Amino acid sequence: MSLHPTLQPYADAWTHSIEAISEMVQSLVEGEWNRRTPCPGWSVRDIVSHVIGLDCEMLGDPRPIHALPRDLFHVTTEHQRYMEMQVDVRRHHTAPEMTAELEYTVIRRNRQLRNESRDPGTLVRGPLGTEITLERAYRIRAFDVWVHEQDLRAALGRPGNLDSPGAYVTRDVLLEALPKVVAHDANAPRSSAIVFDVHGPVEFLRTVRVDIHGRGTVETAPALGPAAALTLDWETYVRLACGRVSPEAVADRVKTEGDQDLAAAILRHFAVTP
């Protein structure tokens with residue numbers, strides 16, 4: 001194995017989730033492919049199409065040349081248009097076509113991982129023609145596939161893997177976004193601290209401290225007398241942070257203490273995925 005040690009955890013997380021997805025969809029009948037998922041506007045088929053499409057891009061395949069319909073209500077931004085292309089081009093594919101392409105893509109990606117010898121800092125193609133490091137590409141891929149595995153589990157009524165390797169990658173990706181949510185989007189007071197207490201299969205306690213300049217940082221040390229504290233379970237944290245539910249829909253699963261207006265503002269801006 002020539003894979004750089006920095007990349008290995010992300011490769012392992014991707015492998016775990018992609019295998020779970022492959023196993024889940026293998027026996028689906030045609031109607032089940034059309035089930036709605038928590039991902040806005042996307043069915044089970046759409047999510048699998050998205051997973052296939054982005055892994056094909058990781059392989060360096062050219063993007064499809066395809067004109068999107070104008071009536072896709074959930075597509076409002078350039079980023080969403082970019083993501084929708086790989087999805088819409090497969091909307092009329094049959095169940096056998098979907099499982100066959102997924103299987104073939106996984107085989108190709110596994111071969112790519114076995115032969116990966118590039119440095120983690122190598123610049124590669126990212127979404128919308130951006131350039132990102134190979135390490136970030138692997139990290140975001142592991143995050144994306146785990147979140148979509150959970151979307152599929154919710155749609156198909158097959159819960160599980162909330163504490164798999166991808167869950168911990170997801171935790172770190174979402175925590176990275178917290179300072180902006182708290183300090184910038186929710187406009188938390190300067191020189192304040194906000195505590196997040198998450199329990200369940202993945203549990204953690206984190207404090208976002210906002211300094212005198214309004215910049216936020218995440219710390220593991222608990223804060224005494226925080227401006228606000230939010231307590232919630234891991235699954236709810238993920239669903240909120242990935243825009244799968246509104247704060248109102250899970251109000252009974254989130255306990256807030258301290259400044260209620262600030263807590264409400266944080267929850268309003270909690271979704272960080274485009």
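Let's start with the aromatic rings: across the whole of this predicted model, a search turns up six aromatic pairs. One of them joins Tyr237 and Phe270, whose ring centres are 5.1 Å apart and whose planes meet at 85°, so this pair counts as edge-to-face. The cut-off behind that label is an angle over 60 degrees between the planes. Where do the two partners sit? Tyr237 belongs to helix 7, while Phe270 is in the segment after helix 8 (260–268), so the pair ties together parts that are 33 residues apart in sequence.

Next, look at how two helices meet. In general, a packed pair of helices is described by the angle between the axes and the distance between them. For helix 2 and helix 3 the angle is about 105°, and the axes are 8 Å apart. Angles from 65 to 115 degrees count as roughly perpendicular, and helix 2 and helix 3 are therefore roughly perpendicular to each other. On the helix 2 side, the contact is made by Asp46, Ser49, His50, Gly53, Leu54 and Glu57; on the helix 3 side, by Tyr82, Met83, Gln86 and Val87. Sorted by class, these residues are four nonpolar, four polar and two charged.

Now to the open space. A probe the size of a water molecule, rolled over the atoms, shows where empty space is left. The largest pocket holds about 1,200 Å³. It is lined by 45 residues, and those closest to its centre are His79, Met83, Ile140, Asp144 and Pro274. Met83 is a residue you have already met, in the contact of helix 3 with helix 2. Which elements build this lining? Helix 2 (44–58), helix 3 (78–88), strand 1 (123–125), helix 5 (134–156) and helix 6 (165–185) each supply at least two residues. Helix 5 has the largest share, with ten residues. By class, the lining of the largest pocket has 25 nonpolar, ten polar and ten charged residues.

The second largest pocket has about 260 Å³ of space. Among its 16 lining residues, Gln150, Asp151, Ala154, Glu235 and Arg239 are the closest to the centre. Helix 5 and helix 7 (234–241) are the elements that give two or more residues to this lining. Helix 5 gives the most here as well, with six residues. The lining of the second largest pocket divides into nine nonpolar, two polar and five charged residues.

As you turn the model, helix 5 is a handy guide: this helix gives the largest share of the lining in the largest pocket and the most in the second largest pocket.

Conventions: Residues are numbered from 1 along each chain as its sequence is written. This is a predicted model: local features need pLDDT of at least 70, side-chain atom pairs count only at pLDDT 80 or more; totals for chains, interfaces and linings use all residues. Side-chain values use heavy atoms; hydrogens and water are left out. On a 1 Å grid over the protein atoms alone, a cavity is a set of points where a 1.4 Å probe fits but cannot get out, and a pocket is an open set with protein on both sides within 12 Å along at least five of seven lines; lining residues have an atom within 4 Å of a point. Grid points are joined across faces, edges and corners, and a volume is the space filled by probe spheres set on the points. Helices (H or I, at least four residues) and strands (E, at least two) are DSSP runs, numbered from the N terminus. Ala, Val, Leu, Ile, Met, Phe, Trp, Tyr, Cys and Pro count as nonpolar, Asp, Glu, Lys and Arg as charged, and the others, Gly among them, as polar. Axes are lines fitted to C-alpha atoms, for helices over the stretch in contact, and angles run from 0 to 180 degrees between N-to-C directions. Angles under 35 degrees count as roughly parallel, over 145 as roughly antiparallel, 65 to 115 as roughly perpendicular and the rest as oblique. Contact means heavy atoms within 4.5 Å. Rings of Phe, Tyr and Trp (its six-membered ring) pair if their centres lie within 6.5 Å; planes under 30 degrees apart count as stacked, over 60 as edge-to-face and the rest as tilted.
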